[in-house]
Amino acid sequence: MVMHLISKAPSRFEMTSRDPSQRFEIAPDTMTFSAMQGAPNIRDLQGVRRASTIADLRNMNRLTQMLPGFHIAGGFTCEPTDIAVPWRHLHINHSSLVETNMPFFGLTTGQQRAEDSIAMGQIVHGKAFMDQNAVMLGHVSGNSPLVWDSTMLEGLRAFVEANQVVLLSPFVLGAANTPADIPATIAQLNAEALAALAYTQLVRPGAKMIYGQYSVSVSMRSGAPMSGMPEVTLINAVIGQLARRYGVPWRTTASQSSAKTFDAQSGYESAVAYMSGASACANLMMHAGGWDEAGLVCCMAKFVADAEQNLLIEKYARGISFEYFEDALEAVRRIGPGGHYLGDSFTLKRFKDAFIAPEILDYLSYEQWKVKGSKDMAQRCREKAKSIIESYEQPPMDSAVREELDAFVAKRQEEISPSIT
């Protein structure tokens, strides 16, 4: 019965936007990148850790819009803790829709919040357009072990009934809410995912959905989540195979770290997470920007570094192309023993695209680096983030649409207010 229900889901679907250049497919043979979600704290442009605000969320959305390494805006990349929780979702959606013109994550934490998210999307994109096109995703998290609670399922139904995408993610803390065993953890995770996938197709046959999973192991010393561990890499490898067997796209966590600052641990753990997901052929690389301190912090400097890593991982995921192989071999014959290729016609034709050239990573000599101020990675990234935010231009939106969107937020905030007094 479960396999019959899951077979109704599309294996590929398009995410759309009011900007035609932002359209892309999510499918078993594609890879997409999304910013992190849910951090209650920010490490800001001065490198200071503090509670995040709506101004910080707007800046994170501006970075997402301007950096080339993202396909999907995170929605609640960092929590605007200066806004009351009952109407926080309104301002999160407002920022996603105004600061970006990308597909984005709405809010699924309850029916009303999900319906508000859908309504705001329909104001900007049009109800008729959204009835036929997916412009937003709802992230539906499970309560492992073996629970999908009613609040999240209410949000799921609202998104599915509006023809929007749902991401269904069991929440694995290995040895804490799953057995202390890799195969058994995978079995439990898969059972949870299959239950949600099948339920989604009961709500609306043919609904667009993604097999999700957030997996970390737990330190037996402190109980804290541990990112970038080999056990998670092994889980990714198997989940990728299972999702392909079921014919649905799947997600993993791309750049997770437990580091308390943007340091070597942050880089090591995130690099392992990136390569783990890419090697397992994940279709949505989620949290691919800014994640530190097990998700409690969004680091603005790391966000910029991760955006560039997304481009590098994308190049790796494409694999090897033989499109220019014969021309390249002809260059080998032409140059011969002892020569060099720097001035060869093939090099001049292909050098811009053949090998990627990162901008944030430093490849200067020590002397050159010293002349340029001896700046470490974090400083270079903070300066880059500051420059991007200063040069940001808001995507165009019809003034009447913007007025309607602003009015909706004000009206809903007023309607919700009596319930929190």
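Which helices each supply at least two residues of the lining of the largest pocket? I began my notes there.

**Entry 1: the largest pocket**

I am working on a predicted model. I looked up the lining of the largest pocket by element. Helix 10 (300–318), helix 11 (325–335) and helix 12 (345–354) each supply at least two residues. Helix 12 gives the largest share, 7 residues. I then asked for the volume. The largest pocket comes to about 780 Å³.

Next I listed the lining. It holds 23 residues. Those nearest the pocket centre are Lys-315, Arg-350, Asp-353, Ala-354 and Phe-355. I sorted the lining by class as well. I noted 13 nonpolar, 3 polar and 7 charged residues.

**Entry 2: the second largest pocket**

I moved on to the second largest pocket. Its space is about 610 Å³. I counted 26 lining residues here. Gln-37, Gly-38, Phe-76, His-139 and Ser-141 lie nearest the centre of this pocket.

Which elements each supply at least two residues of this second lining? I found helix 3 (85–99), strand 7 (136–141) and strand 9 (171–174). Helix 3 provides the largest share, 4 residues. By class, I logged 12 nonpolar, 10 polar and 4 charged residues for the second largest pocket.

**Entry 3: helix 3**

I checked its geometry. Helix 3 has 15 residues. From first C-alpha to last, helix 3 reaches 21 Å, close to the 21 Å expected at 1.5 Å a residue.

Is helix 3 mostly covered or mostly uncovered? I found it mostly covered, with 13 of its 15 residues buried.

**Entry 4: the whole chain**

I stepped back to the protein chain. I counted 15 helices and 16 strands. The radius of gyration is 22 Å, close to the 22 Å that the globule rule gives for 421 residues, so the chain is as compact as a globular protein of that length. I also took the box along the principal axes. The C-alpha atoms fill roughly 75 × 50 × 50 Å.

Then I looked up burial and contacts. Of the 421 residues, 51% count as buried. Among contacts between residues at least 6 apart in sequence, 74% join residues at least 24 apart.

**Entry 5: Leu-189**

Leu-189 sits in helix 7 (residues 182–203).

What does Leu-189 touch, leaving out residues up to four places away in sequence? I listed Pro-170, Val-172, Tyr-211, Gln-213, Ser-215, Ile-235 and Ile-239. Of these, Val-172 falls within strand 9 (171–174), one of the elements lining the second largest pocket. I also took a distance to Thr-178. Leu-189 and Thr-178 are 11 residues apart in sequence and 8.1 Å apart in space, C-alpha to C-alpha.

**Entry 6: Gln-368**

I placed Gln-368 in helix 13 (residues 366–371). Its relative accessibility is 43%. That value lies between the 20% and 50% cut-offs, so Gln-368 counts as partly exposed.

How far is Gln-368 from Ser-279, C-alpha to C-alpha? I got 35 Å, for a pair 89 residues apart along the chain.

Technical notes:
Residues numbered from 1 in each chain as written. Predicted model: local features only at pLDDT ≥ 70, side-chain atom pairs only at ≥ 80, totals over all residues. Heavy atoms only, no water. 1 Å grid on protein atoms, 1.4 Å probe; cavity = no way out; pocket = protein on both sides within 12 Å on 5 of 7 lines; lining within 4 Å. Points joined across faces, edges and corners; volume = space filled by probe spheres on them. Nonpolar A, V, L, I, M, F, W, Y, C, P; charged D, E, K, R; others polar. Expected span 1.5 Å × (residues − 1). Buried < 20%, exposed > 50% of the residue type's maximum accessible area, 1.4 Å probe, protein only. Rg over C-alpha atoms; globule rule 2.2 N^0.38 Å. Contact = heavy atoms within 4.5 Å.
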